[in-house]
Amino acid sequence: MNKKFKFLVFDRDGTLIKHKPYMFKENEVELLPHVKEGLKILKDFGFKFFLHTNQSGVARGYFQLKDAVKCNDKMLELIGLGDNLFEKICIATDFPPSKNSHRKPSPKFGKEIINQFSIEKNSLCYIGDSISDLETAKNLNCTALGLNTGEFDLKLKIKNIKLNDTKVFMNFKELTNYLII
C-alpha cells in the first residue's frame, strides 16, 4: 500500500449500505456490492475505520437514536468483521444543524478523531456518496473520495463546484483497488 492515508472515515447510507431515505428498520439494511470483501481487504492492509453518518430523522421525530444504532449493528453483522470494526462512530442526529453540530459537513467529528487518535490530516480520508461527505473532508483539509453508489449521480453533482477534482468511484471494489495499489 503506497497511499499516504491510513485512516478512513466512511459515510453509511449510500456508501456502505443501500440508501433508503430515513431508514430506521434494521431488517431493511442491505450492504452494497463489494463492501464486505472490500472492508476485509482494507482491514488486512492495516487501514483503520471510522463511521460518520447524518441521521436527521431523529431530530425530525421519524425515529429514535436507538433505531439508527440498531441499523448500524445490523450493518456490522452483515459485514461480519466484528462489532469493533470502527474505531469510533458518530451519529449526527440534529436538524437543522446546531452551532456545535457533528452534522456533516461540520468538521467537528473529524477534528475529534484527529486529536483522539493522533492522526495527521494527510493520513485521513473521508469516503462518501454525497456532497456533504466531500465538503467535510474539504473543511478538514484532508482527502475526499467519492462513491457513485447513492441516491444521485455524484459525478454530476460535483461537476460545477469546487470539489470537481475529487476522485469518484463507481463501486466499492474500484475504491478498494485504488486504496491498496
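Me: In this predicted model, are helices H1 and H6 roughly parallel or roughly perpendicular to each other?

Reply: Two packed helices are described by the angle between their axes and by the distance between those axes. Here helix H1, residues 35-44, and helix H6, residues 172-180, pack at an angle of about 10° with their axes 9 Å apart, and angles under 35 degrees count as roughly parallel, so H1 and H6 are roughly parallel to each other.

Me: Which residues of H1 and H6 make the contact?

Reply: On the side of H1 the contact is made by Val35, Gly38, Leu39, Ile41 and Leu42, while H6 contributes Phe172, Thr176, Leu179 and Ile180. Sorted by class, the contact of H1 with H6 has seven nonpolar and two polar residues, and no charged residues.

Me: How do I read a pocket, and what volume does the largest pocket have?

Reply: Rolling a probe the size of a water molecule over the atoms shows where empty space is left. In this model the largest pocket has a volume of about 490 Å³, and of the 23 residues that line it, the closest to its centre are Asp13, His19, Asn54, Arg103 and Glu151. Strand E2 (48-54) and helix H4 (131-140) each supply at least two residues of that lining, which by class has six nonpolar, eight polar and nine charged residues.

Me: Is helix H4 largely enclosed or largely exposed?

Reply: A residue counts as buried when its relative accessible area is under 20%. Seven of the ten residues of H4 are buried, so this helix is largely enclosed by the rest of the structure; the buried residues are Ile131, Ser132, Asp133, Leu134, Thr136, Ala137 and Leu140. What covers them includes E2, H3, E4, strand E5 (143-147) and helix H5 (154-158).

Me: Is Phe5 buried or exposed, and which residues does Phe5 touch?

Reply: Phe5, in the segment before strand E1 (7-10), has a relative accessible area of 4%, so Phe5 is buried. Leaving aside residues up to four places away in sequence, Phe5 touches Phe47, Asn122, Ser123, Leu124, Cys125, Thr143, Leu145, Tyr178 and Leu179. One of these, Leu179, also belongs to the H6 side of the contact with H1.

Me: What should I look for in the backbone angles, and which residues does a cis peptide bond join?

Reply: Most residues other than glycine have a negative phi, and most peptide bonds are trans. Here a cis peptide bond joins Phe95 and Pro96, with omega about -5°, and another cis bond, with omega about 20°, joins Lys104 and Pro105. Pro96 is placed in the loop between strand E3 (86-92) and helix H3 (108-116), and Pro105 is likewise in the loop between E3 and H3.

Me: Where is Tyr22 placed, and where is Ser118 placed?

Reply: Tyr22 sits in the loop between E1 and H1 and has a positive phi of about 55° although it is not a glycine; at 37% relative accessibility, Tyr22 counts as partly exposed. Ser118 sits in the loop between H3 and strand E4 (124-128), and Ser118, also not a glycine, has a positive phi of about 50°. At 66% relative accessibility, Ser118 counts as exposed.

Conventions:
Residues numbered from 1 in each chain as written. Predicted model: local features only at pLDDT ≥ 70, side-chain atom pairs only at ≥ 80, totals over all residues. Heavy atoms only, no water. 1 Å grid on protein atoms, 1.4 Å probe; cavity = no way out; pocket = protein on both sides within 12 Å on 5 of 7 lines; lining within 4 Å. Points joined across faces, edges and corners; volume = space filled by probe spheres on them. Helix = DSSP H or I, 4+ residues; strand = E, 2+ residues; numbered from the N terminus. Nonpolar A, V, L, I, M, F, W, Y, C, P; charged D, E, K, R; others polar. Axes fitted to C-alpha atoms, helices over the stretch in contact; angles between N-to-C directions. Parallel < 35°, antiparallel > 145°, perpendicular 65-115°, else oblique. Contact = heavy atoms within 4.5 Å. Buried < 20%, exposed > 50% of the residue type's maximum accessible area, 1.4 Å probe, protein only.
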